[in-house]
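Let's walk through a protein model together, one piece at a time. Have the picture open and follow along.

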Amino acid sequence: MELKVLGQDTPAAPSPGGGCASSGCGGNSDHLAHLPEAIREKVHNHPCYSEEAHHHYARMHVAVAPACNIQCHYCNRKYDCANESRPGVVSELLTPDQAVTKVMAVAASIPQMTVLGIAGPGDPLANPERTLSTFRQLSEKAPDIKLCVSTNGLALPALVDELCQHNIDHVTITINCVDPEVGAQIYPWVFWNNRRIRGVEGAKILIEQQQKGLEMLVERGVLVKVNSVMIPGVNEEHLKEVSEVVKAKGAFLHNVMPLIAEAEHGTFYGIMGQRGPTHAELQALQDECAGDMNMMRHCRQCRADAVGLLGEDRGDEFTMDKIAEMEIDYGKAMETRKQVHEAIEADREAQRQRAGQCFVSLTELGGVARKETRPMLMAVATEGHGLINQHFGHAREFLIYEASATDVRFIGHRKVDLYCSGGDTCGDAETALQKTIRTLEGCEAVLCSKIGFEPWGMLEEAGIMPNGEHAMEPIEEAVAAVYREMAKDGRLDAQAPETLRMRA
Amino acid sequence: MAFKIIEGCVNCWACEPLCPSQAIYEAQPHFLTDARKCTECEGDFLHPQCATICPIEGVILDGVGLAVNPPGSLTGIPPERMAAAMAEIQAR
Ligand code: SF4
Ligand code: SF4
């Protein structure tokens, strides 16, 4: 069987069940392989944690938690929390009752929504009553929705037992350091035992509570993901140690996110001119940490909202007054949801099968392609479902894949400013398009369902080959096909420049 | 004497549950204190709780009308640096 040929080159041979050879592909992928069955099962359909599932399922957040108990230098409390959304993106503060109604309305209309998260706009656990009341009601009324919460960890140990009562199986802790000296450069103060505690002393308390909370959750069998913000010159070296420590304590994923700092955000880092990492620096650190831990590259910093799943902004359909008018029979909705989830599962299985075949055919190129073609990066515009189904001009982000003669690997997301929003905002189109093209630096092809004439030319000029020929095809299959075409044309003969991955 | 919440408060709810005297209440456009109820936390806490958790500089005034958290004291951003950055942004 030809699949064996693949196995020689890649240590992770396809699983006997006819699974997917690519690390970008769901439940069988490398980064989950080492996890116990129970955890894999939990992760399988979780859009935040399964690289492949996030093409099919979505999460939503409700803003019920306004208060915070610490200050981070990357956050400006005059806006929303930087953990959850970029400053200036104001989300509507909901009471727990309103949040529960909204979640059920969205779940009834968008069956793909399977995860409800509370992440802000402050720290959910600094608002224990509001957060816990939302969870309590949802576990009762909508048991088919998974619950998750993100926290800075300060109040975590005190609330672990109560959280566990509400069937919360995922907790994200933002841990930027394990050394108080580093922490003092990130956290100017924490509110602890009725006092505002500054500097190293405050950071020390925060770190102790984060680590204790992590241990307690793991002891109780709760999945813990750790998020870290990479701040060049402050913690980028240190994050390797953080990665080791949190892994040793049982966190199942470590997600390194880039610092986003602009003066107009009014944050300490923004005003003081602290820069964020480049794509290359971020990827280098993610690679380094991946050596001893599972990194999650597809994290969109919590922007994979259910209302955006279908590629159009459906937020307007779910304002509180519209929800108030809806009549929701959740029992009935749950049946529909179940059917939709079954259909999605069948679809995923079919895609997996096809992907398997596709990798077999990749090897059919024989020695020439396998020995002498170099790996390359491709960008993909998608609205979800694992397909190439988005117009280039509508893409708010691109998925980046690395294709080689043996494998198609998901590398990460890159966000862009939308250039094609129509109307008044079009005056700036050219600059914005150029910006988009800069975002794609290092990629040699971009796959989308359609693309306009102008961007086509500019992409070609920038050395990025636009490709609209694989519209509506599964992503990995299309990436592999384009790679094959380019290999055949002799465009991948040269040895990979050393810096190729670095530019990713 | 009483503490006072003024314009600039972002309605974050952090102070309200901490007040030992139930002197803080939700209002528009921002939270307010009830001067008759505020005890300045005397007898309950060493540090007045509202001003101790509030994340926004300048929005809580003490009994004599001074900002408990003056500019720069919570974010660590030197006020002149903030002013320069704001001027630069406006000039764009
Ligand atoms: S100073 Fe103390 S008593 Fe007065 S409003 Fe603030 S928290 Fe309440
Ligand atoms: S803590 Fe400060 S900003 Fe928040 S509600 Fe109270 S006064 Fe307003």
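Start at Gly490(A), which has a positive phi near 75 degrees and follows helix H17 of chain A. Helices here are DSSP runs of H or I with at least four residues, and strands are runs of E with at least two, numbered from the N terminus. This is a predicted model, where local features need pLDDT of at least 70, side-chain atom pairs count only at pLDDT 80 or more, and totals for chains, interfaces and linings use all residues. Residues are numbered from 1 along each chain as its sequence is written, chains are lettered from A and ligands numbered from 1 in the order in which they are written, and side-chain values use heavy atoms, leaving out hydrogens and water.

Now step back into H17(A) itself, which covers residues 475–488. Of its 14 residues, 10 are buried (under 20% relative accessible area, with a 1.4 Å probe and protein chains only; exposed is over 50%, partly exposed in between). Among them are Ile475(A), Tyr483(A) and Met486(A).

Next, find Ser133(A) in helix H5, residues 128–141 of chain A. Ser133(A) counts as buried because its relative accessible area is 15%. Leaving aside residues up to four places away in sequence, Ser133(A) touches Pro96(A) and Pro128(A) (contact means heavy atoms within 4.5 Å).

Finally, look at where the chains meet: 23 residues of chain A are in contact with 27 residues of chain B. Asn194(A), Arg196(A) and Ile271(A) supply 27% of the area that chain A buries against chain B, more than any other three residues. Buried area is the accessible area (1.4 Å probe) that two parts lose on being put together, summed over both.

Note on methods: The expected span of a helix is 1.5 Å times one less than its number of residues.
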